[in-house]
Amino acid sequence: MVLKDKKTKITFHNGILTIGGTIIEVAYEDSHIFFDFGSEYDPAAPFQPNDLQGLLDNNLVPYINNIFDPNIELIGYKSAEDNFKNRAVFVSHVHLDHSKIINYLNPSIPLYTLEGTKSLLETLNINDDFLFPIYGAHDKNVREITSVAENATIHIGKIKVVVMPIDHDAYGACGLLIETPDLTIAYTGDIRLHGYRKNDTLQFCNASKNCDILLIEGVSISFQEIYEEVKEDVIKSEAELINIINEVVKQNSNKQITFNYYISNIERIMKIIETNPRKVVLNAYYAYVFKQATGYDAYYYQLDEKDYGLNKNMYIEYNILLEDNSTYFWQLINQNDIEKLKDGGIYIHSNATPLGAFDPTFEPFIERFKVKNIEFEWLCCSGHAFPKDLIYIIDQIKPKLLIPIHSYKPERLFNNYGDVLLPEKGQTI
């Protein structure tokens, strides 16, 4: 067994038998690191916690000794002494199930991400409504983040971490290649092969080849068997998605067409802007986030009073968009504005919120378009590897021990090159 007589310890604090809330710790003597730092989320739950105490009490976040901000007063939880001199947290990407609680971290613990993720975290939370807010802070919205270059190496005491870009539907996503004095551990983060950065995923696989332990996400196998064919109506790549969206616009030249997308999917919206036959117009907040990540000025409309520092030459009046049938392909983010749209138009929902039928607000959302006789097009592309691609990734890496996480059905993954471990929440190996 690969773990026999090893001093490295791995603790699975969260993210086991669920999709989201991944928090895993790797420790060696006086050094330890964590990845990621998000929370579980159930949109159907009657109570939605809005602070660390509520998250802990509802078992959405585990209590971890000496990792949270010591200024936060917690009832029923008490820290104890430990021997760790070197600590750090790594966030693989911006999605909330991996990042939501970073502001609750002890401010003295460094937090590392790729530059793209740092940019998104800092811009998305300018209104304190993306991440949970910093405790007691009035002058900043996001705790200090250290950005690292792609493929950079960070040393945390006796642990070495290489931060490698991978293909996902969140801009700035990474996987981690972790080396302790007695183990090499690869963590995929959320990964796929059908986006714009497939080669980055393949490079991560090559760098991780023959590692001792592979921690791999398994979102897609939660809903599909390994060798079950992907349904015909499933969009199988980002490139295919863009082609379909553009074709909808081309085939409906005299209809009002609106859309929405998930805000961290920077590469998708860039491709839409570059290739769509109409002028693409974003909400000002989304245009701000997009510009901070890419430096690109997008056309925008604005309904709030906030100064986002956008190029005023790219401004489009909202009333013009409401009356247009052929010039603009514009972003609709305020559900209350659905009633202002023209009857008989088209709306394209592309991985935006609400995310699907598991969210109780999704069906009422669709009904509002039906009332206006607006065609609802759900055009999405998964940010997660298809089941066969997960096996391909495993086959490329050939780990001695496979540990599937971030999945409802981790037992569906197999390893032709060694063992498989299905950990329990809170388990240390």
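In what follows, Ala, Val, Leu, Ile, Met, Phe, Trp, Tyr, Cys and Pro count as nonpolar, Asp, Glu, Lys and Arg as charged, and the others, Gly among them, as polar. Good morning, colleagues. The structure before you is a predicted model, in which local features need pLDDT of at least 70, side-chain atom pairs count only at pLDDT 80 or more, and totals for chains, interfaces and linings use all residues. Residues are numbered from 1 along each chain as its sequence is written, and side-chain values use heavy atoms, with hydrogens and water left out.

A cavity here is a set of points, on a 1 Å grid over the protein atoms alone, where a 1.4 Å probe fits but cannot get out; a pocket is an open set with protein on both sides within 12 Å along at least five of seven lines, and lining residues have an atom within 4 Å of a point. Grid points are joined across faces, edges and corners, and a volume is the space filled by probe spheres set on the points. By this rule there is one cavity of 30 Å³ or more. The largest cavity holds about 50 Å³. Its lining consists of I166, D167, H168, A170, Y171, G172, A173, R197 and E267. By class, that lining has four nonpolar, two polar and three charged residues.

I turn to the second largest pocket, whose volume is about 170 Å³. Eight residues of the lining are nonpolar, four are polar and two are charged.

Next, the helix packing. Two packed helices are described by the angle between their axes and the distance between the axes. Helices (H or I, at least four residues) and strands (E, at least two) are DSSP runs, numbered from the N terminus. Axes are lines fitted to C-alpha atoms, for helices over the stretch in contact, and angles run from 0 to 180 degrees between N-to-C directions. Angles under 35 degrees count as roughly parallel, over 145 as roughly antiparallel, 65 to 115 as roughly perpendicular and the rest as oblique. A crossing is left-handed if the near helix is turned anticlockwise from the far one by less than a right angle, and right-handed if clockwise. Contact means heavy atoms within 4.5 Å.

Consider α3 (residues 115–124) and α7 (residues 284–294), which pack at about 150 degrees with axes 9 Å apart. The two helices are therefore roughly antiparallel. On the α3 side the contact involves S119, L120, T123 and L124, and on the α7 side Y285, Y288, V289, Q292 and A293. Six of these residues are nonpolar, three are polar and none is charged. The crossing of α3 with α7 is right-handed.

In the pair α4 (residues 198–207) and α10 (residues 387–397), the angle is about 40 degrees and the axes lie 8 Å apart. These helices are therefore oblique to each other, and they cross in a right-handed sense. T201, L202, F204 and C205 of α4 meet Y392, I393, Q396 and I397 of α10. That contact has six nonpolar, two polar and no charged residues.

For α5 (residues 238–250) and α6 (residues 266–275), the angle is about 40 degrees and the axes are 10 Å apart. α5 and α6 are therefore oblique as well, and the crossing is right-handed. E238, L241, I242, I245 and N246 in α5 face R268, K271, I272 and T275 in α6 across the contact. Here four residues are nonpolar, two polar and three charged.

Finally, the backbone. Which residues does a cis peptide bond with omega of about -15 degrees join? They are F35 and D36, and D36 lies in the loop between β3 (31–35) and α1 (52–57). Another cis peptide bond joins T353 and P354, with omega about 0 degrees; P354 belongs to the loop between β16 (346–350) and α9 (362–371). D128, a residue other than glycine, has a positive phi near 60 degrees, and its place is in the loop between α3 and β6 (146–148).
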